Amino acid sequence: MVKDNSVSSVVLDIVIYVFLILLMIVILYPIIYILSVSLSSSDAFNAGKVVLWPVTGSGSFGLDFEAYKEIITGRTVPMSFLQSVINTLLYTAISLAFTTTLAYPLSRSKDRVPFHGFITKIIVFTMFFTAGMIPVYLIVQKLGLLNTRWSMILPAAISTYNLVVMRSFFESVPVELEEAAFIDGANELTIFAKIILPLSKAALATVGLFYGVYMWNQWFSAMLYLSDRAKDLYPLQYIIRQIVMENQLAAEAAAAGELNTVQVSTASLKYATLFISILPMLCVYPFIQKYFVKGVMVGSVKG
Amino acid sequence: MKFGVKKIVALAAASVLTVSCLTSCGEANRQSFEEDGQTYYSYWLNMYTQDSRGYAEGEDANFAKVIKNKFNVVLNYDRIPRGDWETKTNLSYAVGNEADITTGGKEPQYKKWATEGYLDPIPEEAYTGDDCILKDWKALWSEEDFQKVLSLAKSSDGQLYYLPTLRQEKAQMCWVYRKDVFDKLGIKEFPKTIDELYDVCVKIKAAYPDKVIISCNGMGTTSPGSAITGFCQAYWIPELIMQQHSFVDPVTGEYEPYALTSDRAREMYKTIKKFNDAGLIDKQLFSIDKDGFSSRLANDNCFIAYDYVYNIEDFTKKTKGTNADKDCEWAWSANMVTAYPEKGTIYKRDPLYSNWGPAFSDGIDEDMDRYNAILTMFNWFATEEGQLYNTYGVKADDPEEIKDGVAEDNYSYYMDEDGNPHFNPGWYDESNPKTDKKEDKLLTLEYGSMGSQFKKQQYMFDSIRGKKVEALFDAFSAQPNYYYFDQIPMRYDEDEEQEFTDLEVALNAKRDEYIQRFFSGDVDANNDANWNQYISDMNKVGLQDFINIQTTVYERTKAAVEQEEAALKAAEAAE
């Protein structure tokens with residue numbers, strides 16, 4: 001590659017660098033701010049002294065781990081964190097299993113799969129039309145899944161979008177590989193497990209990440225399907241939602257004339273909980289990035 | 001072999017689904033049961049929670065023991081986080097999975113569920129006559145006020161579908177201000193007219209040019225209009241206008257079906273713009289939350305607000321921050337501000353009742369013994385004994401049971417020499433929160449109690465805010481030409497209810513959009529074209545239809561209430 005040292009090229013490089021640095025600041029600053037507030041005293045936050053780094057009550061730089069201590073010694077956040085981890089791992093595994101086993105036959109020739117077109121149309125139909133909240137709730141209820149972990153996992157086990165991504169990737173695997181395996185005596189399951197899946201790590205990582213992030217951020221299904229009797233199953237995002245809503249709820253309660261009913265957490269506690277919630281995804285992304293770039297390009301270029 | 005595996009997998013999947021279905025059908029819904037020769041009644045109760053901690057439940061909890069022994073009642077709770085209560089309760093009614101008793105609703109919701117057939121009415125005989133089941137609940141109000149409560153809370157079919165709770169505060173909202181700053185600038189009293197308020201704000205601004213003068217304690221985050229209710233009242237528009245829309249003028253008796261498109265509303269928007277243009281109002285009035293407002297206080301960035309009278313100590317504390325020696329003092333004012341001094345001044349008189357009492361789901365009246373048992377329990381909550389229990393828990397009979405400052409056997413309170421209750425050490429005292437709520441015992445957590453129902457025990461209420469709100473009410477009452485807007489009964493039938501809801505959503509969205517645009521200066525209420533555009537946009541989303549419904553319902557309800565009152569008087573005369 002020849003380096004272009006012309007003035008216009010250098011200027012362009014500078015513009016690009018400045019733009020990227022600004023973009024990096026825009027992305028990083030909220031995270032740094034959340035971390036700083038979580039490590040600052042509440043008085044410093046209320047006084048508007050926290051801008052970039054953690055500040056103590058006196059206004060000087062300093063770390064206050066009180067919020068993290070409160071979280072760790074409490075029961076709610078650690079328990080919900082654990083539930084989120086379990087849900088995310090289980091959901092990702094189950095969803096990947098269901099998605100790949102459905103995507104694989106749909107990626108093969110119509111001659112090998114009966115009702116191929118019909119099944120494909122039915123699946124794509126669900127991308128545009130859903131049953132709605134109440135019918136889904138009734139199904140979950142009738143299946144006895146209310147107040148269980150499975151109510152959050154099973155109804156969303158297959159995402160049609162992810163299924164299409166996965167099918168597109170499987171289609172790019174040469175059919176000759178399967179034919180060779182057939183000749184060597186392998187059956188469909190063996191081919192799928194020993195040839196197709198090992199060749200699909202990029203797609204698996206990408207779709208797995210989509211599924212993982214979805215479940216990690218999930219609170220709505222917990223709100224719908226879990227009651228107080230299953231509060232130990234509340235995921236972290238649901239707890240965070242409650243904490244974040246405290247201010248608004250306190251204002252509403254006050255407006256309704258209620259007596260000190262809503263307890264509002266300190267800002268540092270709120271931000272510490274938020275930081276804990278984003279930490280796992282921050283840690284996971286770098287390790288999956290190499291697959292991710294390749295995986296999201298699936299189906300974008302043909303030939 | 002290949003097909004064998006497929007068959008096995010299919011069979012296994014089908015079996016799992018079948019077993020799941022069958023097991024889910026086995027949940028018994030026990031409504032009454034016999035134990036030791038007595039009949040006990042069991043109910044599911046839906047209520048909201050404020051946190052996700054564990055609550056004492058089951059037959060061993062003190063609260064459960066008391067109501068089981070006293071009323072043969074056993075409650076099973078469905079505690080829902082407050083923010084999700086509306087969604088989950090609506091869903092439970094829609095799927096037929098509702099609790100027997102719902103608490104915590106708002107009146108429009110209760111009335112909507114009633115018209116949709118989800119609720120059973122409170123039997124009229126339960127609250128009529130001197131010896132009715134709900135006699136203590138009824139006695140929370142004077143007879144005259146109780147009739148007003150009934151006329152307001154009843155649905156369009158003339159039935160009552162929930163038990164309102166007593167609103168103990170008569171007045172609580174007022175203008176609060178930095179008294180130390182007023183004193184320093186020689187401002188002798190809080191302004192009484194909107195022009196005086198402007199002049200005072202300008203004076204403060206001159207002394208503190210970089211500061212915000214009027215801000216808001218996070219109310220605008222619920223609805224933009226909630227941040228300007230102090231100004232609303234200055235222009236004779238009710239404080240609760242964002243929810244109620246219509247009102248009757250207390251002086252002229254005229255009915256106004258939609259206030260925020262009136263000429264007075266226009267004058268109000270002009271004034272708010274004038275204050276904003278002069279830099280006297282917080283630019284973030286509608287978006288600032290409680291944290292943001294705390295930050296304003298800590299930075300001396302607010303000198304006047306329209307807020308709750310009992311918040312001034314907290315404001316002073318937050319303004320001082322870590323500097324206890326800082327010279328600052330928040331005070332409340334008995335002066336409300338008016339734009340029409342010749343006509344009089346408006347203050348907010350709190351409603352006679354709140355609406356988070358219990359409602360009873362459809363079907364509960366199939367077993368009247370069961371229904372009466374739960375009504376009897378709720379009636380007890382309104383008695384002195386019930387209020388004391390719900391607010392303070394269980395008293396130790398013998399002072400010896402308090403050893404080393406710790407109450408034995410979970411006794412939560414004691415009576416002092418004057419006969420006033422006080423929490424024992426180790427219990428969270430709402431009236432004196434020196435201790436940490438998270439570490440102290442809470443009645444709700446230890447006893448599984450439902451918290452205050454209908455009324456907070458008077459001594460506790462007085463200790464928390466009762467004396468402050470009473471002082472404010474007395475101060476308003478002593479002012480000449482001070483008026484308040486009375487509540488007006490509105491009973492919608494099912495079609496009107498639906499149309500009202502649809503129109504209200506659209507109108508509120510347009511109204512809130514324009515409140516913000518008037519404030520920001522994007523549209524100017526001084527400009528006729530802008531104002532006409534606002535009216536035109538409101539008409540496009542159904543303002544005239546809304547006015548028609550409100551007027552029809554108002555006239556019809558007024559006639560119905562007058563009829564009911566006449567019938568009541570006739571019955572009394574006959575007795």
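Rings of Phe, Tyr and Trp (its six-membered ring) are taken as paired if their centres lie within 6.5 Å; planes under 30 degrees apart count as stacked, over 60 as edge-to-face and the rest as tilted. By this criterion the structure contains 67 aromatic pairs over all chains. An edge-to-face pair is formed by Phe378(B) and Phe381(B), at 5.6 Å centre to centre and 85 degrees between the planes.

The structure is a predicted model, in which local features need pLDDT of at least 70 and side-chain atom pairs count only at pLDDT 80 or more, while totals for chains, interfaces and linings use all residues; side-chain values use heavy atoms, with hydrogens and water left out. Residues are numbered from 1 along each chain as its sequence is written, and chains are lettered from A and ligands numbered from 1 in the order in which they are written.

Phe378(B) and Phe381(B) are three residues apart in helix H14 of chain B, a separation of about one helical turn. Helices (H or I, at least four residues) and strands (E, at least two) are DSSP runs numbered from the N terminus. Phe378(B) is buried at a relative accessible area of 0%, and Phe381(B) is likewise buried at 0%. Both residues belong to a cluster linked by ring pairs, whose members are Phe63(B), Phe71(B), Phe360(B), Tyr371(B), Phe378(B), Trp380(B), Phe381(B), Tyr389(B) and Phe454(B).

Tyr389(B) is also one of the buried residues of helix H15. This helix (residues 384–392 of chain B) is mostly covered, with seven of its nine residues buried. The elements covering the buried residues of H15(B) include helices H2 (62–71), H14 (368–381), H16 (443–447) and H17 (458–478), together with strands E17 (413–415) and E18 (421–423), of chain B. Just after H15(B), Gly393(B) adopts a positive phi of about 90 degrees.

Two strands of chain B were examined for burial and pairing, where pairing requires at least two DSSP bridges between the strands. In strand E3 (residues 73–81), seven of the nine residues are buried, so the strand is largely enclosed by the rest of the structure. Strand E2 (residues 38–49) runs parallel to E3(B) and is joined to it by nine bridges, with Tyr43(B) opposite Leu75(B). In strand E7 (residues 173–178), six of six residues are buried. E7(B) pairs in the antiparallel sense with E10 (residues 304–308) over five bridges, and Cys174(B) has Asp307(B) as its bridge partner there. E7(B) also pairs in the antiparallel sense with E11 (residues 330–332) over three bridges, where Arg178(B) stands opposite Trp330(B).

Lys343(B) lies over the face of Trp236(B) at 4.2 Å from the ring centre, and Arg349(B) lies over that of Tyr484(B) at 5.7 Å.

Chain A has 14 helices and zero strands. Buried residues make up 42% of its 303 residues.

Conventions: Buried means under 20% relative accessible area, exposed over 50%, partly exposed in between (1.4 Å probe, protein chains only). Contact means heavy atoms within 4.5 Å. A charge sits over a ring if NZ of Lys or CZ of Arg is within 6 Å of the ring centre and within 35 degrees of the ring normal.
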